[in-house]
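Welcome to this short briefing on a protein model. Please take a look at the sequence and the structure below before reading on.

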Amino acid sequence: MLLLNPVVISVIVMCALCLLRFNILLAILVSALVAGISANIDLITTINILIKGMQGNLETALSYILLGALAAAIAMSNLTAILIHYISELISKKLFWFVLTIAFVSCFSQNLIPVHIAFIPILIPPLLALMNKLQIDRRAVACALTFGLKAPYVSASVGFGLIFHNILAKEISQNGLETNLTQISSVMWLGGLSMLIGLFLAIFYYRKPRIYHQNQIESKELYDSKLDIKMGKKEWVLLIGAIIAFGVQLWSGSLPLGGLLGLIFMVIFGGIEYKKIDKVMENGLSMMAFIAFIMLVAAGFASVIRETGGIAELVEFASVISGGKLGGAIIMLIIGLIVTMGIGTSFGTIPIIAAFYVPLCISLEFSHAATILLIGIAAALGDAGSPASDSTLGPTSGLNADGQHNHIYDTCVPTFIFFNIPLLICGIVFSLIL
């Protein structure tokens, strides 16, 4: 039975625990144990699989911690105040345009300057004062940030999208259907379009004012246009250090190396005072370490559910009961949603499902374009809304800087509703049309 599948059971347990406001890190660990037990894997073996699997996100975790330190160093200077001072002049005071501007800036983090969530702890916390004053519902902003983190890689072969599309092309080709990037791009833009519709719906739904409390730091109103702030030597060093960090990442493809070299530059040239290095690292850890550990445990959880064999059972179940194209499309997309919700990454879902989905699509006589769309959307589903995804953890890290934004109910639930539902409808409808 489908409900006895270890993957289904563990993901249901994880979502239930998170909705009950149980600690996310513990929820993922408990769900991993449940997955192992459901598959008759003993606890010691399950833990060993989980720990070994955590290696898959070591680079990501280190990146987050170093980027957190960069953000902390910048936050201890006037650079943040200057940044927000000028950005707030450009951002409209109306909800619709404010949220769209955040989404627009967020999109650049995936393609123009592919730094992913690194910009959020630098940009968003100082903007909370402005959001509070305008009584903007942060759930709309969370949707905007998640849109910017996800829609570009789903729809365009640029930056992280190039990585996502290359994985799609490679895995589909290896499983019997030769595919190139041009074919991927020609259909996956539909996924981005469906997410754009979801973003507009989210802005409309969360249009009513929501009251937040201003704390002492925010009450200084750094966004006041009358504030006279000038760039000093320290601010220039920090700015150049940040540029070096991002530039090295673009050149080398290594986010940890970029973060490390950026920090070293800041220390050598006085952007970070030598005696305050420990404080900077401590602040960076407090900002990003929890997210880093969640990503580590999520990678371990992904390894456990792969070892259960439950994913193969899900796909076999889909092939048996599909009953045709419509049923097959719905089942494949729902399985993709379940898998990605558990793993927390669309990139990691593609290799898992492609081996089964390509033969299934061929047997159901889906077109080449429809097969690409189904596998791409199936992998993309669940990244928004997953408690373990950096597409939700990133926005929460910025919006909850003052402790007034709940990860599950203010980020995961809204992004799940407004992005997964449009993606699901898009996948079903256009897989039958293409």
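Predicted model: local features only at pLDDT ≥ 70, side-chain atom pairs only at ≥ 80, totals over all residues.

Residues are numbered from 1 along each chain as its sequence is written, and side-chain values use heavy atoms, with hydrogens and water left out.

**The whole protein**

- The protein has 19 helices and 0 strands; these are DSSP runs numbered from the N terminus, with helices (H or I) of at least four residues and strands (E) of at least two.
- Of the 434 residues, 55% are buried, where buried means under 20% relative accessible area, exposed means over 50%, and partly exposed lies in between (1.4 Å probe, protein chains only).
- Take the contacts between residues at least 6 apart in sequence: 81% of them join residues at least 24 apart. Contact here means heavy atoms within 4.5 Å.

**The nonpolar cores**

- The largest nonpolar core has 105 residues, and those with the most contacts inside it are Ile-124, Met-131, Val-141 and Met-188. Such a core is a set of buried Ala, Val, Leu, Ile, Met, Phe, Trp, Tyr and Cys residues joined through side-chain atoms within 4.5 Å.
- Helix α8 (residues 138-155) provides the largest share of this core, 11 residues.
- Another core, of 18 residues, lies apart from it, and Ala-71, Ile-74, Ala-242 and Ala-245 are among its members.
- Leaving aside neighbours within four places in sequence, Met-188 has contacts that include Phe-164, Leu-168, Ile-372 and Ile-377.

- Glu-171 lies in α9 (residues 160-174) and counts as buried because its relative accessible area is 12%.
- Glu-171 and Ala-354 are 183 residues apart in sequence, yet their C-alpha atoms are 6.1 Å apart in space.
- Just after α9 comes Gly-176, with a positive phi of about 105°.
- Helix α17 (residues 368-380) is mostly covered, with 11 of its 13 residues buried; Ile-372, Leu-373 and Ile-377 are among the buried ones.
- Gly-382 follows α17 and has a positive phi, near 95°.
- Thr-392, in helix α18 (residues 390-399), is buried because its relative accessible area is 0%.
- Not counting residues up to four places away in sequence, Thr-392 touches several residues, including Asp-383, Pro-387, His-407 and Thr-415.

**The nonpolar surface patch**

- Leu-326, Ile-330, Ile-334, Ile-417, Ile-421, Ile-425, Val-429, Leu-432 and Ile-433 make a nonpolar surface patch of about 740 Å².
- Patches are made of residues with over 30% relative accessible area and no salt bridge, with like charges joined within 9 Å and nonpolar side chains (Val, Leu, Ile, Met, Phe, Trp, Tyr) within 5 Å. A salt bridge is a side-chain nitrogen of Lys or Arg within 4 Å of a carboxyl oxygen of Asp or Glu.
- Helices α15 (325-343) and α19 (407-433) each supply at least two residues of the patch, and α19 gives the most, with 6 residues.
- Ile-421 is in α19, and Ile-421 counts as partly exposed because its relative accessibility is 42%.

How values were computed
Areas by Shrake-Rupley, 256 points an atom, 1.4 Å probe, with all protein chains shown as cover. Expected span 1.5 Å × (residues − 1).
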